[in-house]
Amino acid sequence: MKIVVCIKEVPDSAATLVAEDGQASWGDAPLVINPWDEYAVEAALNQEGDVIALSIGGEDSKIALKHALAMGCKEAIQVSDDALSNMDTQATAKVLSAAIQKIGDVDMAFFGRQAIDGDAGLTPAQTARVLGWSALTLAVSIAVDGDTVKVERSIEEGRETVSAKLPAVFSLVKDYGEPRYPSFMGIRKASRAKIPAWDLAELGIEAPATTVEVVGIENPPKRDVRVEMIDGGSPAEIAEKLAERIMAEKIL
Amino acid sequence: MKIWVYIDHFKADAVSASWEAIGAAKALGGDVAAVVLGFGVENLANSAFEYGADEVLLGQDAALEDFRVENYATALSALASDATPDLLLFPTTSRGRELAGMVAMDLESGVLVDVVAMEMDGDKVLATRPIYAGKLLQKTVCNATPQIVTLRGRAFEKPEAESGRSGTLTQVQVTSGDEKSTVEGYAEAGGGVSLTDASVIVSGGRGTSNNPNLTAPDGMSEDEAEIWRAQQGFALIAELAETLGAAVGASRAAVDANYIPYANQVGQTGKVVSPDLYIANGISGAIQHLAGMRNSKVIVAINKDADAPIFKFARYGVVGDLHEIVPALNEAMKARLG
Ligand SMILES: Cc1cc2nc3c(=O)[nH]c(=O)nc-3n(C[C@H](O)[C@H](O)[C@H](O)COP(=O)(O)OP(=O)(O)OC[C@H]3O[C@@H](n4cnc5c(N)ncnc54)[C@H](O)[C@@H]3O)c2cc1C
């Protein structure tokens, strides 16, 4: 059985972002593998079978793919085509589905729960829909038994146990367990790896239409907060002053 | 404009953001129908009227008793392709987000997800959504019908329920038909106020373990003693939270050190919250933590270090030891709130 993990690169979570001419700019902050995708790679590597890392994008997507190889994925595939410059999650799901079908014989496809740039969190479920597979998202634990799988999912109200037939799509939450670090050998192997690039013709599809249009990107309004430091006296006196201020906000 | 609002619920208990979505739909103008799917969920139809829906589409089927997104998507997509609403609104919950996503694929549309503001631009909804954990705002539209939007909880005002208000109740046939997966059971989270719904949050960070006046019980390892000390700190935080009717939050450092479960984590890789009042105790204010709480109305920071970055985002700050200030604040608030 083959296992695919779908990943991408994002600006480091500590990057400062500013809107410049309607575009997001992160200055010289590094691009890294999306942090949630590291959990997806970890979960994929914990299954029986060869793990193939898959990413759509240009040269930068190799940052994520090489990280996945260094963590232990067997192969990496990049989907790259000039016609894919402007994608929404719907289009991404269609292209990933086509690539997963081309890989063939895939039983499990892993995703990060969301990417920390667009923060949409739609691609796992949408890819599952295109493939006609179950979406077993936000997984805390995954137990495969033959062609069935039992997944504990994290939802707002607590946890939910779902059983399903493979093939299926998975995304992970942090409770799954911390992702492994790339090994020294892994990093060496990844740096030498040749990553094949597929274009849309090789996938046998046209560029999917995008329905979601980004009209602009803006800096959030500056918060006009000036901190008032409460000091002087004993903890009880400080607490009294602070309690007065909180009450005066009329939110309780 | 024909607007449908999907009422998200867990076991027939509606998520409050569903009612906020009805309010948001009415503010846009047009005919507002609430869509209630499930089994044994008649009560939600009545509530939907009380919160302002003019019509309720009620689809009940034993196959919908448990929420499996595939079944619900099939049912909802069939209804929407028959009745052709112009706009579908969902609350951004884990269920609402994925349901919206699948329905968008079925109907060849697209989702504007986790939206915090909407306005009409002709017949299009111009939506504002935070990206990069709220470091930037994106303005976006959906160029297909139905337009599909999920709304962030607490970003839109919840309407006042008008008791006894009613409207047109339409029972609809639902087709479900995906037998690939089944829910086997639930383990509900232990009581307390949920973080995402909370109007007040009291949070603790790594500083909770830093109380040199406490001696851990004999026989504990270094790590165990640290966790034990932190739990004493979080107990103070929980007491204040109880007085304020608040939820308890935490930084990732506190979660990673096993002081408190991940479900309590606030931040970029935890929950994004926007309460009216956020009290951060022993939290430095790392950019990834700020990403999760910077939109709180009033932020109070209690930290030993006068240079902690959290003070730059706070309305009120106290430089001090949380183990002294938090219990004192609890007493002071108790005296005021009774
Ligand atoms: C990809 C990624 C994602 C991340 N996601 C998140 C996230 O979702 N949420 C999150 O919170 N972090 C996240 N982080 C981690 C973040 O960078 C910080 O490490 C973390 O927020 C620090 O937590 P802290 O403030 O509790 O600890 P510290 O930074 O160690 O701060 C502890 C604070 O407590 C104060 N203090 C100590 N003792 C006392 C005392 N007795 N009384 C009062 N104050 C005291 C100190 O002065 C200090 O300011 C993420 C990091 C990465 C790389």
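Across the interface of chain B and chain A the rule finds eight salt bridges (a side-chain nitrogen of Lys or Arg within 4 Å of a carboxyl oxygen of Asp or Glu). One of them joins A:Lys174 and B:Asp256, with the closest N and O atoms 2.7 Å apart. Helix 4 of chain B (residues 94–106) gives the largest share of the side of chain B that touches chain A, nine residues. Helices are DSSP runs of H or I, at least four residues, and strands are runs of E, at least two, numbered from the N terminus.

This is a predicted model, where local features need pLDDT of at least 70, side-chain atom pairs count only at pLDDT 80 or more, and totals for chains, interfaces and linings use all residues. Residues are numbered from 1 along each chain as its sequence is written, chains are lettered from A in the order in which they are written, and side-chain values use heavy atoms, without hydrogens and water.

Contact (heavy atoms within 4.5 Å) links 89 residues of chain B with 82 residues of chain A. About 7200 Å² is buried between the two chains. Buried area is the accessible area (1.4 Å probe) that two parts lose on being put together, summed over both.

Now look inside chain B. An automatic or database domain assignment divides chain B into domain 1 (2–171) and domain 2 (200–337). Six residues of domain 1 of chain B are in contact with eight of domain 2 of chain B. The area buried between these domains is about 580 Å². One salt bridge is counted between them. B:Asp276 and B:Arg154 meet in a salt bridge at 3.2 Å, N to O.
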